[in-house]
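Hello,

Please find the structure below, handed over for your own work. My notes on what was found in it follow.

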Amino acid sequence: MLNDITLNNKIDDLLAMSDQIESLEYLKHRYEEELDSAKKLASAGNCILIENLTNCARCQNDHHILLFNKLTFSHNKFTHWANCPNNNEPIMLTIESDEDDQD
Ligand SMILES: [Zn+2]
């Protein structure tokens, strides 16, 4: 049978868990807001939204919600660029147009 101390500990655990759930819900909400505004920017302009970028070429971490801008002049295969959020160096991207044949 549960004594008072055990019961109080269990209640504390549950309260801590509910705090965690609340902050996770807040983070999820913030992420969805950020994703929404990034989607709007991407559909309005000359940029492309990459929602999940794994193993970034500049810092080797993963990034979420990155907007890539179209290069004005492209002299090689790259068509878009973004700044790595960790070290601000350029991440290069190649987007093949829809009209190109797929390999
Ligand atoms: Zn990076």
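**The sheet**

Strands S1 and S2 run antiparallel and are joined by 6 bridges. Helices (H or I, at least four residues) and strands (E, at least two) are DSSP runs, numbered from the N terminus, and two strands pair if DSSP finds at least two bridges between them. This is a predicted model, in which local features need pLDDT of at least 70 and side-chain atom pairs count only at pLDDT 80 or more, while totals for chains, interfaces and linings use all residues. Residues are numbered from 1 along each chain as its sequence is written.

Alanine 82 is placed opposite isoleucine 91 in S4. These two strands form a hairpin with 6 residues between them.

H1 has 41 residues and reaches 60 Å from its first C-alpha to its last, close to the 60 Å expected at 1.5 Å a residue; the expected span is 1.5 Å times one less than the number of residues. The number of buried residues among the 41 of H1 is 0, so the helix lies largely in the open. A residue is buried if 20 or more other C-beta atoms lie within 10 Å of its own, exposed if 12 or fewer, and partly exposed in between, with C-beta atoms placed from the backbone.

The domain assignment of the chain gives domain 1 (1–44) and domain 2 (45–103); such bounds come from an automatic or database domain assignment. Taken over C-alpha atoms, the centres of domain 1 and domain 2 are 32 Å apart. In the contacts between them, 7 residues of domain 1 meet 7 residues of domain 2, where contact means that the C-beta atoms, placed from the backbone, lie within 7 Å. The side of domain 1 that touches domain 2 has 5 nonpolar, no polar and 2 charged residues. For these classes, Ala, Val, Leu, Ile, Met, Phe, Trp, Tyr, Cys and Pro count as nonpolar, Asp, Glu, Lys and Arg as charged, and the others, Gly among them, as polar.

**Individual residues**

Asparagine 88 lies in the loop between S3 and S4 and is exposed, with 9 other C-beta atoms within 10 Å.

Isoleucine 65 has a phi near 60°, again a positive value in a residue other than glycine. Isoleucine 65 is placed in strand S2 and counts as partly exposed because it has 17 C-beta neighbours inside 10 Å.

Asparagine 83 is in strand S3 and counts as partly exposed, with 15 C-beta neighbours inside 10 Å. Leaving aside neighbours within four places in sequence, asparagine 83 is in contact with Asn88 and Pro90. The C-alpha atoms of asparagine 83 and phenylalanine 68 are separated by 8.2 Å, and the two residues are 15 residues apart along the chain.

Glutamate 96 lies in the segment after S4. Glutamate 96 counts as exposed because it has 11 C-beta neighbours inside 10 Å. Between the C-alpha atoms of glutamate 96 and lysine 77, which are 19 residues apart along the chain, the separation is 9.2 Å.

Regards

Note on methods: Contact = placed C-beta atoms within 7 Å.
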